[in-house]
Amino acid sequence: PSLDTEIDWKAYMEEVEGFANGTLDYTQLKGDTGPLVYPAGFVYIFLGLYYATGRGTDIRLAQYLFAGLYLLNLLLVFRIYCRTNKVPPYVFFFMCCASYRIHSIFVLRLFNDPVAMAILFLAINLFLEEHWSWGCFLFSLAVSVKMNILLFAPGLLFLLLQRFGLLGCIPKLCICALLQVVLGLPFLLVNPVGYLTRSFDLGRQFQFKWTVNWRFLPEEVFQNRAFHTTLLLAHLAGLGLFALHRWHRSKESILALLKDPAERKHASPPLTIVFILFSSNFLGVCCSRSLHYQFYVWYFHTLPYLLWCTPTTKLAHMPKVLLLGVIELCWNTYPSTVCSSLSLHICHGLVLLQLWYGTAPPPAPHTPQPSRRPSAISKKAQ
């Protein structure tokens, strides 16, 4: 194992070791890299790894376990792609073999991001099978491992309203909320404010030296609250535009989603589920305040779908493969540079443009008004 692996793994193990020793005040759970900033699900899962690896000492065994997680994650992703039937087979090679960074995140660095994403992909598989309650349960479990899963939440909310209406989706949302309460209960009983502020801190500042996507900005701009507010507004605006003009395909108003499904037209094939969830997450990634190297796993396995979900001619395949390659190159440039971060934003922008224009609803067919009097041509034809 590399030194970086030992540092990351050691910090995780120190954070959960306090819980293993009986500490229930979340503000007292710390590691070498700082205080614990993940929700309670992270603590329970990595506590299991803590005991399975001899109190965190057997790093090689942990890497084998994460290699198994990597294979399981690929299986779940491939199952989703097989259901959508959009991506050409050769693209699966890139997902398996062409990303050094993803292999490092899973098998070498042992981050919690892959754990959260694997649970999320399992939840999406359940959504595709129409097991919405179990899917919501696992979605909430993924959120409890790392909060980046909340980037999928706007899309999930749209799907729940689409499937069940306002009243029908409330029980599903209760499943998500109740699981968070149950998992966090030991810590909520001791120091509720400490738990909530540490595990769900949406205003946390990131260090400029680790940013992959904003390296071309001056550090004072990167840390400026006005910049963060601008990104949040851009994110909300993007979600609103996609919800109104790309996710919602019915001729009815989007407010019709609040009605009972029996009172409106209700059809959403598996393609719609995947498109809405993946595009919701991608919009969040594009507007993130900072992307660190392990965050690549947040959307790496969704990129082929986002690139190939729109109609593609044979000549257009190569630019999409090239786009995947440039994104990979940006994430493998360490430390990030002005060029790599700008290139990443350009690639993200091209993917967004393709999603917007490639999924535009077809124009309504124009039916000419019937003429009140027959034309001269018509008379001649008779």
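Contact here means heavy atoms within 4.5 Å.

## Basis of the model

This is a predicted model, in which local features need pLDDT of at least 70 and side-chain atom pairs count only at pLDDT 80 or more, while totals for chains, interfaces and linings use all residues. Residues are numbered from 1 along each chain as its sequence is written, and side-chain values use heavy atoms, with hydrogens and water left out.

## Surroundings of Gln 180

Gln 180 lies in helix α8, residues 153–190; helices are DSSP runs (H or I, at least four residues), numbered from the N terminus. Leaving aside residues up to four places away in sequence, Gln 180 touches Ser 140, Val 143, Ser 144 and Phe 200. Gln 180 counts as buried because its relative accessibility is 16%; buried means under 20% relative accessible area and exposed over 50%, with partly exposed in between (1.4 Å probe, protein chains only).

## Packing of α6 against α7

Helices α6 (residues 113–128) and α7 (residues 132–143) pack at an angle of about 170°, and their axes are 8 Å apart. Therefore α6 is roughly antiparallel to α7, a term used for angles over 145 degrees. Axes are lines fitted to C-alpha atoms, for helices over the stretch in contact, and angles run from 0 to 180 degrees between N-to-C directions. The crossing of the two helices is left-handed, that is, the near helix is turned anticlockwise from the far one by less than a right angle.

Among the residues making this contact are Leu 122 and Phe 127 of α6 and Trp 132, Trp 134 and Gly 135 of α7. By class, the contact of α6 with α7 has 14 nonpolar residues, 1 polar and no charged. Ala, Val, Leu, Ile, Met, Phe, Trp, Tyr, Cys and Pro count as nonpolar, Asp, Glu, Lys and Arg as charged, and the others, Gly among them, as polar.

## Annotated transmembrane regions

An unreviewed UniProt entry annotates residues 36–52, 64–81, 110–128, 134–161 and 173–190 as "transmembrane region"; such annotations may be inferred rather than shown by experiment. In the model, residues 64–81 are 100% helix and 0% strand, with end C-alpha atoms 26 Å apart. Residues 173–190 are likewise 100% helix and 0% strand, and their end C-alpha atoms lie 26 Å apart.

## Backbone exceptions

Most residues other than glycine have a negative phi, and most peptide bonds are trans. Asn 85, in the loop between α3 (59–84) and α4 (91–97), has a positive phi near 55°. Asn 85 is exposed, with a relative accessible area of 68%. Leu 110, in the loop between α5 (100–108) and α6, also has a positive phi, of about 60°. Leu 110 is buried, at a relative accessible area of 0%.

A cis peptide bond, with omega about -10°, joins Tyr 334 and Pro 335. Pro 335 is in the loop between α14 (317–331) and α15 (338–358).

Notes:
Angles under 35 degrees count as roughly parallel, over 145 as roughly antiparallel, 65 to 115 as roughly perpendicular and the rest as oblique.
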